[in-house]
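Please keep the structure in view while reading.

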Amino acid sequence: MMPAAIEFDNVTKVYHRTFSEERTQALSGVSFEVAHGEVCGFLGPNGAGKTTSISILMGFLFANSGSVRVLGYEPGDVRAKQQIGFLPENFAFYRYLTGPKLLALHLALSGRRVPDAERLIGDLLNKVKLYGYESLRISKYSRGMVQRLGIAQAMLGDPQLLVFDEPTSGLDPAGRKEVMELVMALKQAGKTVLLCSHILPEVEQICDRVVIIDRGRLVRAGRLDEMLATGGRVEIVVDRLPEEVERAAVERGAAIDRGPHGIRLLVDEARKRETIESLWNGGCDVLRVNPVKGSLEEVFLNLVEHRGGAA
């Protein structure tokens with residue numbers, strides 16, 4: 001059986017302040033896995049421990065206890081590094097270089113041998129919508145253009161795992177949409193993506209799995225579809241709801257919500273059929289019936305707020 005692309009097993013990290021006994025516990029017993037080919041949203045409030053976790057994953061820091069495996073290797077192992085593309089949240093490039101020259105430098109640093117490096121770089125610039133700016137120095141780039149170039153450099157080595165920390169930072173809505181489409185294309189190509197983002201609706205659109213940490217502890221991890229399931233509730237929308245029909249529906253446990261686009265009844269899945277038949281018998285037209293799902297933002301805020309955190 002193939003090991004997971006990312007494995008955290010009871011990882012703890014404590015920072016010690018120099019010349020002081022002060023200790024800050026950044027991570028405490030964090031365990032989760034990300035399978036090959038998955039897009040995983042790695043979420044948490046500011047200060048939750050996301051950056052520390054990524055730094056351990058990349059081999060920049062060492063855990064005090066627990067174990068981490070990335071692509072089957074220890075973090076920092078050169079065999080793993082050759083297969084990882086990384087876009088940190090805060091990064092800086094050589095401002096006097098052009099985009100193609102910077103990518104050529106990073107391609108050389110990656111050690112990847114390609115028959116036509118110029119064509120590869122051109123293709124990547126096209127993918128991130130930076131074509132036409134080949135002669136422009138990075139010092140003249142907008143914040144969004146720098147972000148796009150960062151994504152291109154992360155993809156240079158044709159990595160199996162991409163770690164994106166706030167990849168849509170600085171981008172307008174159209175640019176964010178293009179980045180999300182690019183992540184989906186990476187998924188379709190069989191790549192694994194670990195995505196940190198505060199824009200939860202975007203995460204909900206593209207992620208297979210979500211890991212949520214808060215104050216250094218894991219608070220939820222799992223498949224996104226399972227996380228958003230609400231326990232077998234359905235939404236029934238009708239055009240009208242006579243008083244006697246409404247009273248009977250409420251007695252069956254329905255919750256009623258009147259809005260501009262119809263009247264919504266929320267009922268348990270087990271009572272769906274009898275509720276619909278009651279509505280029909282009462283002269284109501286059933287406009288639609290949908291399973292009810294929560295949103296990732298609701299799940300996230302409930303978990304964090306119940307622990308006293310702030311996003």
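**Notes on a predicted model**

1. Helix α1, residues 50-58, is largely enclosed by the rest of the structure, because 8 of its 9 residues are buried. Those buried residues are Lys50, Thr52, Ser53, Ile54, Ser55, Ile56, Leu57 and Met58. Just after α1, glycine 59 adopts a positive phi of about 85°. The model under discussion is a predicted one.

2. Of its 311 residues, 43% count as buried. The C-alpha trace spans about 75 × 55 × 40 Å along its principal axes.

3. Which residues lie closest to the centre of the largest pocket? The space in this pocket amounts to about 650 Å³. Its lining consists of 21 residues, and those closest to the centre are Lys81, Ile84, Phe86, His106 and Gln153. Two or more lining residues come from each of α2 (78-81), β5 (84-87), α3 (99-110) and α5 (143-154). By class, the lining of the largest pocket divides into 13 nonpolar, 6 polar and 2 charged residues.

4. The second largest pocket has a volume of about 230 Å³. Of the 13 residues that line it, Leu124, Lys127, Met155, Asp158 and Leu186 lie nearest its centre. The elements giving two or more residues to this lining are α4 (117-127) and α6 (173-188). Helix α4 provides the largest share, 4 residues. The lining of the second largest pocket has 8 nonpolar and 5 charged residues, with no polar ones.

5. On the surface, Tyr94, Tyr96, Leu105 and Leu109 form a nonpolar patch, with about 460 Å² of accessible area together. Tyrosine 96 is placed in the loop between β5 and α3. This tyrosine 96 counts as exposed because its relative accessibility is 55%, and the cut-off for that class is over 50%.

6. Glutamate 38 is buried, since its relative accessibility is 8%.

7. Two further salt bridges deserve attention. Aspartate 77 pairs with arginine 79, their closest N and O atoms being 2.8 Å apart. Aspartate 77 counts as buried at 19% relative accessibility, whereas arginine 79 is partly exposed at 45%. The value for aspartate 77 should be read against the cut-off, as buried means under 20%. In the other salt bridge, the side chains of arginine 215 and aspartate 214 meet at 4.0 Å, N to O. Arginine 215 is partly exposed, with a relative accessible area of 48%, while aspartate 214 is buried at 3%. Elsewhere, salt bridges that share partners join Glu38, Arg209 and Arg223 into one network.

8. Is asparagine 281 buried or exposed? This residue lies in helix α10 (residues 272-281). With a relative accessible area of 71%, asparagine 281 is exposed.

Key
Residues are numbered from 1 along each chain as its sequence is written. This is a predicted model: local features need pLDDT of at least 70, side-chain atom pairs count only at pLDDT 80 or more; totals for chains, interfaces and linings use all residues. Side-chain values use heavy atoms; hydrogens and water are left out. On a 1 Å grid over the protein atoms alone, a cavity is a set of points where a 1.4 Å probe fits but cannot get out, and a pocket is an open set with protein on both sides within 12 Å along at least five of seven lines; lining residues have an atom within 4 Å of a point. Grid points are joined across faces, edges and corners, and a volume is the space filled by probe spheres set on the points. Ala, Val, Leu, Ile, Met, Phe, Trp, Tyr, Cys and Pro count as nonpolar, Asp, Glu, Lys and Arg as charged, and the others, Gly among them, as polar. Patches are made of residues with over 30% relative accessible area and no salt bridge: like charges are joined within 9 Å, nonpolar side chains (Val, Leu, Ile, Met, Phe, Trp, Tyr) within 5 Å. Accessible areas come from the Shrake-Rupley method with a 1.4 Å probe; for residues, only the protein chains shown count as cover. Buried means under 20% relative accessible area, exposed over 50%, partly exposed in between (1.4 Å probe, protein chains only).
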